[in-house]
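Let's walk through this model together, one chain contact at a time.

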Amino acid sequence: MTVSFNKRDPIYLQVMHYFKRLIVSGELLPGEEMPSRRQLANELKINPNTVQRAYSEMEEQRLIHTEPNRPSRITEDPVVLEQLKNEWLKQAMTTFISAIQPLDISLNELVPLLEEKMKTRKKDDK
Amino acid sequence: MIELKNVHKRFGRKKVLDGISFTANKSEITCLVGVNGVGKTTILNAIMNLTPINKGDITIDGKKMHANLYNKVAFIPDVAIMLPSMTVHEAMDFMKDYYSTWNSKRAKEIVRFFRLNISDTISELSKGNQAKVNLLMGLALDVDYILMDEPFSGIDIFTREQITDVFSSRLVEDRGVLITTHEIMDIEHLIDKVVLLDNGKIYKEFNAEEMRETEGKSVVDVMREVYNG
Amino acid sequence: MKKSLSPLLKLTNFELSRLSKFLFTLMGLTVLANLVGYIYIPMKFMDKINKFTIESSATTEEVLNSLGTLSFYDVTMSLWIVAPIAIGVSGLLFYSIFIWYREWFGKNTFAYRLLMLPVSRMTLFFSKFIVIFIGIFTLISTQIVSLFIGYPIVSAIVDSTYFSSLGLIESMYMHPLFLILFPLEPNYFLILIVGATVLLVMFTLILMERSFASKGILFGIGYAMVALAIVLFPLFLSDIFNNNYLIYGSELVIIEVVLMIIVSISSLFTSRYLINNKITV
């Protein structure tokens, strides 16, 4: 597990982002165990208090849940998972839209290009 | 909590500490950063009652430093402090003899973590391994606070990585850590609190994560502003 | 079990093990030099006797008249016995200073570790103090044992005709050094008190230097001079008042003992203050 953090954004947000990505991509399955806080801090080489903060935030957002004296687990709540995926997509689209903002391009022109891109991505995956 | 209140210290006519006040909390890693000068080391020495101060107060959980507190606060200076003629094993025995908080099990763990050979004589160790022996003597104590002076100075990159690992490992656990350094880059992600020091004064004291969250600045950004501005 | 041992005992034992090499060297030197003296001096003497006897074909009486006898005392006054004592005394004097400074100026700064031990810092002080005295007594015992070995050696080498009837114990009592160093007289305790006071003042001086650097040396010299003046003052009372009957000898001894104890105690308190509050690594 290696993550390169940037130095100007709060680390706890970067840790959360990292886990959200693992969840939406299915690399972490619903109900799966999370690493312990200490273990994660050690692996990512970051401050344990920061990991604690990230976990608390994720608990608040119900992405993970923790029973006393047990490791935290990824949520199995379909509503939360759906919400996370939507949020992720919304975020990505916002970024995409703002990136193409300077270009004068219509939706009709854009759709085939997107389809093309999606196809090649699927090919690359195979 | 280690608390310094208005600490002054002179060496002859030279003011080394000119009204220093800050706190280092338990379960936090506090980093004393200064570009140069003797101030940082003097602060740690003064906390450990290894050098007198001219004015001010230093307390550890509300108490002044005294003999028994050395069981609760460990100091790892950046010079070798065990007898050069001792083997690592003998040095560990020496610690065990005097410190009620010496944790033999953890000591063994640290020896393995640093890949030290306990039958080696200290004087024959490389600088990096001497630094590791120093760390071993401090980290194997079940203390509430650990003070480290320039743990990264003058050692090779691999040792540096190992020492960096210590901060996020079980070896530090929930203890309060106070370290001094002039090279913050490697450990920016590891520390909670930063205390910027120059010319015997404190320029800024802040929480690194809060600084990133509220001002979007890295620790180095803040240092640049403070020291260049 | 180890934990229950008092820190003072542990530290003294530790200091002793650090002294041992130096001490063994001094002991070895003493025994070796003494042995040479026990053998070489009587042999040289017998050589002289034999040569004289042969060259001038003198009678025993004539030889005795011109060369005299050799006593064990003569042997103990030779450099072979006196020099190792001088070396031992100066060696331990040197060690009394070295025992502190090596913690700062050794290859590693062991002073950090010692001052951070969770024991009262005066324990360090006392362990060093005790170890110097262990060194002193060890060397004295070595010298005494050596004399007991030396006497039969000398008497075996020297022809009984030419060997003075002066015994071993009598030789000791005549010897100016043994009279001070060995517990021969009841007032030996005075010498111990003098020794302890000197060592305490010296340690205080060292701690002053360690606390205040060069300024400390000045304080230290001042302190030592005041201490010396206090202790020596009564000795000159009769001169000052030009009255030899002002105080009796026995009273003078009591006054001196009291003054030395006062100097010792004030040195202990000063040292405690310095080592607890002022010392710098």
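Start with chain C and chain B: across their interface there are zero salt bridges, where a salt bridge is a side-chain nitrogen of Lys or Arg within 4 Å of a carboxyl oxygen of Asp or Glu. Before going further, keep in mind that this is a predicted model, in which local features need pLDDT of at least 70 and side-chain atom pairs count only at pLDDT 80 or more, while totals for chains, interfaces and linings use all residues. Residues are numbered from 1 along each chain as its sequence is written, chains are lettered from A and ligands numbered from 1 in the order in which they are written, and side-chain values use heavy atoms, with hydrogens and water left out.

So what does join chain C to chain B? The rule finds 13 residue pairs in polar contact between them, both at pLDDT 80 or more. (A polar contact is a pair of N or O atoms within 3.5 Å; within protein, one must be able to donate a hydrogen and the other to accept it, and residues adjacent in sequence count only if both atoms are side-chain atoms.) On the chain C side, α1 (7–55), α5 (110–115) and α11 (249–278) each supply at least two residues; helices here are DSSP runs of H or I with at least four residues, strands are runs of E with at least two, and both are numbered from the N terminus. The largest share, five residues, comes from α1(C). Sorted by type, that side of chain C has 12 nonpolar, six polar and eight charged residues, counting Ala, Val, Leu, Ile, Met, Phe, Trp, Tyr, Cys and Pro as nonpolar, Asp, Glu, Lys and Arg as charged, and the others, Gly among them, as polar.

In total, 26 residues of chain C are in contact with 29 residues of chain B, contact meaning heavy atoms within 4.5 Å. The two chains bury about 2600 Å² between them, with carbon and sulfur atoms giving 59%; buried area is the accessible area (1.4 Å probe) that two parts lose on being put together, summed over both. In chain C, the residues that lose the most area to chain B are C:Arg113, C:Met116 and C:Pro118, together 26% of what that side buries.

Now turn to the other neighbour of our walk, chain A. Here 24 residues of chain B are in contact with 18 residues of chain A, and about 1700 Å² is buried, 42% of it on carbon and sulfur atoms. B:Ser168, B:His189 and B:Glu209 supply 37% of the area that chain B buries here, more than any other three residues. How many salt bridges cross the interface of chain B and chain A? The rule finds five. In a salt bridge between A:Lys7 and B:Glu188, the side chains meet at 3.7 Å, N to O. The side of chain B that touches chain A divides into five nonpolar, six polar and 13 charged residues.

Finally, look inside chain B. Three strands form an open antiparallel sheet in the order β2-β1-β4, where two strands pair if DSSP finds at least two bridges between them. Its edge strands are β2 (14–24) and β4 (55–60), each pairing on one side only.
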